[in-house]
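Please read this note with the structure open beside it. Take the points in order and find each residue as you go.

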Amino acid sequence: MSTTKSAGALPPTEHTPRPYAGPTRDEVLALRREYLTPGLITYYRDPLLVVEGHMQYLWDDAGRRNLDGFAGIVSVSVGHCHPRVVERVREQLGTLQHTTTIYLHPTAVQFAKALADHMPEGSGLSVCDFTNSGSEANEVAVLLAREYTGNAEVIALRNGYHGGTQAAMALTAHSD
Ligand SMILES: Cc1ncc(COP(=O)(O)O)c(C=O)c1O
């Protein structure tokens, strides 16, 4: 993520962020230290306070626009608040906020089929396992690989980040 120092360094955008009236960056940092687990790290000595997003841009508390080169985080690279995504999420939240996989729901199977239809012909990629997070996806991937191969060992890139769950952390060779 790169921060612009002067207006005009990024192409114009039609989006005007709302004025930010929440706690200051220092207050957020202090509250985080007091009330959130120390297990959470920011990866930055001087972390950004992100308060609004639109497409490829993120705004900080001072109204500075940043270009988000990852379009979110690597496990959710869909950009920020795309109007179509926002509309569908609003619609779904107003219809049914949460259910569980022990019941049936049309959207999960329709989405699975849409994804399968999108995969290359003959690839065999036709079955989905939806998860809530990148960490959970990695847990499932390791579980499936172990089940399929019968091997327990997993090779991971040094300094890679795989998430906050047990197997994901065990694969992560970096520290604070
Ligand atoms: C490469 C990568 N793997 C896994 C994760 C973990 O995802 P989550 O925070 O959704 O559990 C992240 C999150 O940033 C990630 O960037």
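Which residue has a backbone N or O atom 2.8 Å from an oxygen atom of the ligand?

1. The residue is G134. Its backbone supplies the N or O atom in that pair. Keep in mind that this is a predicted model.

2. In S135, a side-chain N or O atom is 2.4 Å from an oxygen atom of the ligand. In Y161, a polar backbone atom is 3.3 Å from a nitrogen atom of the ligand. On its own, the ligand has 390 Å² of accessible area, and the protein covers 71% of that.

3. Now look at the whole shell. The residues around the ligand are I73, V74, S75, S133, G134, S135, N138, Y161, H162 and G163. Seven of the shell residues are polar and three are nonpolar. None is charged.

4. Where does the ligand lie relative to domain 1 and domain 2? It lies between them, because both domain 1 (2-88) and domain 2 (106-170) give residues to the shell.

5. Next, check the backbone at M55. Its phi is positive, about 55°, although M55 is not a glycine. M55 sits in the loop that links strand 2 (50-54) and strand 3 (57-60). Its relative accessibility is 29%, so M55 counts as partly exposed.

6. A71 is in the loop between strand 4 (65-67) and helix 2 (83-93). With a relative accessible area of 23%, A71 is partly exposed.

Conventions. Residues numbered from 1 in each chain as written. Predicted model: local features only at pLDDT ≥ 70, side-chain atom pairs only at ≥ 80, totals over all residues. Heavy atoms only, no water. Helix = DSSP H or I, 4+ residues; strand = E, 2+ residues; numbered from the N terminus. Buried < 20%, exposed > 50% of the residue type's maximum accessible area, 1.4 Å probe, protein only. Near = heavy atom within 4 Å. Polar contact = N/O pair within 3.5 Å; in protein donor to acceptor, adjacent residues only side chain to side chain. Areas by Shrake-Rupley, 256 points an atom, 1.4 Å probe, with all protein chains shown as cover. Nonpolar A, V, L, I, M, F, W, Y, C, P; charged D, E, K, R; others polar. Domains from an automatic or database assignment.
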